[in-house]
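Hi there,

Here is the structure I promised to pass on to you.

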Amino acid sequence: VSEVIGAVEAGFIVYFLALNSWYAVLLVLSVPEIWENTRLAEDEDQQRLMQSDALPPITILVPAHNEGATIQGSVTALLSLEYRHLEVIVVNDGSQDDTLDRLRESFALYEIPRTYPERIATQRVRALYKSRTRTKLLVIDKENGGKADALNAAINASRWPLVIAVDADTLVEHDALIRLTRPFLLGRQVAAVGGTVRVANGCTVRDGRVVQARVPRRFLPGVQVVEYLRAFLFGRLGWNRLGGSLIISGAFGLFRREYLLAIGGYRTDSVVEDLDVVVRLHRWLLARRIPYAMPFVPDPVAWTEVPESARILSRQRERWHRGLIAAMWQYRGMLFNPRYRRVGFVTMPFFFFGEMLAPLVEAVGLVLTLAGLALGIINIPFALLFFLVTWGYGMMLSLWAVALEEASFRRYGAAGDLSRLLRYASVENFGYRQATVWWRLRAFWGVFRRGHTWGEMVRRGFRESDSPAASGTP
Amino acid sequence: MTSLETLLVVAIGQGALLAALFVLIVYTRWYAQRRAARIQPARAALDRAMQRWAMGPAGENEVVAALARLPPVVATDALATWSSRASGERWDALARRLAGAPWTRTLRRYAKSRRWWHRLDAARFFAAVATPADAPAILGLLADEHPAVRLATVPAVARLEDPALLEAELDRLPTLTPTVVGYHAGLLRRARDALIPLLLARLRADQPGLAHYAEFAARLGEPALRPALTALAGHGEVEVRIQVARALGGYPHGESQAALVALATDPAWQVRAQAMRSLGRLADRASLTLLGAAVEDPEWWVRLRAALALTRLGPAGLDVLFQAERSAAAGARDMARLILGLPPQALAEFSA
């Protein structure tokens with residue numbers, strides 16, 4: 001028994017070293033990336049870009065299901081974005097609330113016939129509406145088919161070569177679209193571009209815009225600020241130098257429409273449609289040897305509300321991990337397949353062995369360590385020191401993300417916010433991380449049982465209560 | 001060394017790194033605030049000096065002195081902001097004056113730096129205040145390995161209107177993506193007098209990368225380019241014909257109309273669709289019959305463009321659509337119904 005436990009423990013240590021060495025590689029690669037992107041963002045002549053008619057036209061796709069409370073504000077904010085050629089398509093995906101009525105009243109909608117061929121099959125479209133007051137707006141009313149189906153209906157109706165999927169509750173910064181098109185101006189063969197998603201909880205929101213970024217005082221949303229910084233600022237930036245990540249956030253990602261049409265749009269039976277669509281795009285483009293880039297650009301920002309309760313957060317994380325497992329299983333043929341080059345040999349293996357299996361390995365390691373300690377076959381000081389090092393490493397990665405934020409965009413200007421960021425980055429690995437491991441572990445036995453739904457997300461909405469004064473922050 | 005000792009060393013090293021990270025984060029915040037506090041008053045003083053200079057004949061010395069008090073990169077930012085607000089001649093005079101300022105020598109030297117961000121600073125500086133003496137440095141930056149540097153250099157080319165620089169810019173057009181070509185066209189419009197003769201020389205049937213030049217010409221939309229574009233209507237390359245069909249819609253001229261009529265029967269549907277759209281823009285009633293026939297085209301997009309073009313020809317065009325609505329051809333009938341069902345506002349948008 002002791003030999004078996006010892007061997008497994010050794011395997012666990014090797015896994016830990018390999019995974020964390022890879023994180024270190026990403027960490028190093030993120031430095032030149034953040035430097036380059038910060039310089040380009042600072043030097044950009046926004047005024048000139050706004051006046052130029054060269055920037056490719058963009059359609060914003062907004063799937064909406066029971067979003068009556070926030071839809072008017074969200075759509076108004078999207079229509080006011082600074083971009084010359086813009087179209088917003090809102091898809092009312094069989095809402096049972098007053099989403100469509102709110103849209104009708106707020107934007108003086110009138111029905112129009114359909115003027116486009118249905119390239120991707122979707123649930124039945126009941127009607128199309130244009131607005132008398134906002135010419136850039138198109139509303140599709142369709143039968144419920146889920147978020148992916150709603151996005152597909154919007155892709156069908158889109159007139160422009162670039163589409164950007166935005167959640168109805170996402171607050172997109174006024175200049176984010178101009179910034180998101182930077183890779184096109186730099187002459188790259190872009191298939192998709194990802195922007196940064198940040199946590200809106202606790203921020204001051206006015207007229208659908210975040211006017212002051214704050215770090216929430218409450219632990220759960222606060223610690224997610226650090227998580228999002230880590231995921232976007234060093235995780236995805238590091239992948240820029242390795243052929244692109246497998247994830248472009250569903251809340252804020254730009255895609256070339258023709259490629260989405262070519263792969264048949266979003267899959268309606270996928271648990272996490274954004275991950276699935278990016279993997280399929282990589283597969284389709286690489287199989288056809290079409291040169292492409294899928295860069296992540298850190299300065300275009302969209303703000304989103306994150307769960308404030310452990311119950312909702314656990315469901316969200318479980319769903320995300322279920323999506324990852326399902327996608328890795330479905331596209332396992334890409335693993336170490338020379339046809340898919342760097343994606344097959346680097347990106348997919350990382351997501352498969354690193355991201356997908358990590359909670360499983362961590363849990364097994366923990367159980368075996370406890371068993372080893374109980375049987376007296378593991379040296380107690382060694383075990384304690386090992387855990388200390390793993391925790392320290394996790395803390396270092398989080399602090400690194402905070403350091404990147406401070407060296408680049410510095411969105412959280414108040415000293416109190418920086419202090420909270422440092423505090424959350426320091427304590428994240430004590431308790432919170434273990435909870436996320438448990439939530440992600442649950443995904444393994446949930447993966448084949450559950451179907452795909454829109455998921456539950458209790459939204460507080462961006463009201464005056466989000467202002468610092470009302471939420472009690474200084 | 002035992003494994004426990006090794007781990008202890010790792011832990012101690014990690015602790016030191018964590019402490020260093022904490023210090024780095026706090027120091028970065030402190031340094032940024034201190035720098036902003038130092039620069040902001042100087043930048044505000046420059047803006048005040050610039051305002052006075054822009055409004056009256058005097059004040060150039062004050063501007064030059066205020067610029068010298070700023071770090072070169074911040075001064076370049078200020079120049080980039082103000083270059084679009086000041087009048088041409090006075091700005092050129094300021095640019096000549098700045099050519100001798102010590103801080104600008106640093107930026108000029110940056111043009112040959114090994115660091116791309118320094119070269120980017122140089123490009124931005126040249127974009128704002130380049131003088132003819134800077135042409136060789138700008139030529140080098142136009143061929144820079146970093147795309148952001150090349151992009152930032154284009155306004156400097158437009159500013160100097162130097163034929164050698166414009167030739168270099170045209171040389172690399174075929175290697176650029178359509179978005180970048182469009183952006184360049186917008187910037188280079190300012191140098192049209194020097195640019196058009198050079199571009200005309202490249203709008204020849206045997207010119208390599210002709211489609212890119214035709215696209216560039218279409219985006220410039222200069223009347224002097226019309227005859228050359230019309231002559232390319234029968235070119236063998238589809239992409240060239242598409243660009244010509246698109247461009248000719250901007251030239252209300254008998255020759256454009258005749259060329260578009262020929263392109264309306266092109267074997268490639270993309271050319272036909274573009275020709276229909278341009279015929280709609282020209283809105284010449286002579287194309288009524290042609291557009292009516294195109295509503296029965298086998299390709300959906302051609303039918304759509306033809307039907308939309310008919311709506312721009314007034315009652316006569318609508319009559320043709322009403323006839324198509326009763327046509328035996330299902331495609332034409334459906335398209336006519338679709339377009340006739342659109343409210344005027346939606347119609348205007350779809351035609352755009």
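First, some ground rules. This is a predicted model, so local features need pLDDT of at least 70 and side-chain atom pairs count only at pLDDT 80 or more, while totals for chains, interfaces and linings use all residues. Residues are numbered from 1 along each chain as its sequence is written, chains are lettered from A and ligands numbered from 1 in the order in which they are written, and side-chain values use heavy atoms, with hydrogens and water left out.

**The interface**

Contact (heavy atoms within 4.5 Å) links 44 residues of chain B with 52 residues of chain A. Together the two chains bury about 4400 Å², 69% of it on carbon and sulfur atoms; buried area here is the accessible area (1.4 Å probe) that two parts lose on being put together, summed over both.

Two salt bridges cross this interface by the rule, which asks for a side-chain nitrogen of Lys or Arg within 4 Å of a carboxyl oxygen of Asp or Glu. In one salt bridge, the side chain of B:D121 meets that of A:R39 at 2.7 Å, N to O. The rule also finds six residue pairs in polar contact across the interface of chain B and chain A, both residues being at pLDDT 80 or more. A polar contact is a pair of N or O atoms within 3.5 Å; within protein, one must be able to donate a hydrogen and the other to accept it, and residues adjacent in sequence count only if both atoms are side-chain atoms.

On the side of chain B that touches chain A, the elements giving two or more residues are α1 (3-55), α6 (116-129), α8 (147-160), α10 (178-188) and α21 (344-351) of chain B. Helices (H or I, at least four residues) and strands (E, at least two) are DSSP runs, numbered from the N terminus. α1(B) gives the most, with 17 residues. By class, this side of chain B has 29 nonpolar, ten polar and five charged residues. Nonpolar here covers Ala, Val, Leu, Ile, Met, Phe, Trp, Tyr, Cys and Pro, charged covers Asp, Glu, Lys and Arg, and the others, Gly among them, count as polar.

**The sheet in chain A**

Chain A has an open sheet of ten strands with mixed pairing, in the order β3-β4-β5-β2-β1-β6-β11-β8-β12-β7. β3 (109-112) and β7 (171-172) of chain A stand at the edges with a single partner strand each, so one side of each is left without a neighbour in the sheet. Two strands pair if DSSP finds at least two bridges between them.

β2 (residues 86-93) and β5 (residues 137-142) of chain A run parallel and are joined by six bridges; A:V91 has A:I140 of β5(A) as its bridge partner.

β12 (residues 296-304) of chain A is mostly covered, with nine of its nine residues buried. Buried means under 20% relative accessible area, exposed over 50%, and partly exposed in between (1.4 Å probe, protein chains only). β12(A) pairs with β7(A) in the antiparallel sense over two bridges, and A:L171 stands opposite A:W303. β8 (residues 192-199) of chain A runs parallel to β12(A), joined by five bridges; here A:W303 is the bridge partner of A:R198.

**A buried leucine in chain B**

B:L195 lies in helix α11 (residues 192-202) of chain B and is buried, at 0% relative accessible area. Leaving out residues up to four places away in sequence, B:L195 touches B:L166, B:L170, B:L188, B:F216 and B:L220. B:L195 and B:L220 are 25 residues apart in sequence and 10 Å apart in space, C-alpha to C-alpha.

**Salt bridges**

A:E36 lies in helix α1 (residues 2-43) of chain A and A:R241 in the loop between α8 (219-240) and β11 (252-256) of chain A, so the pair ties together parts that are 205 residues apart in sequence. A:E36 is buried at 19%, whereas A:R241 is partly exposed at 36%.

Best wishes
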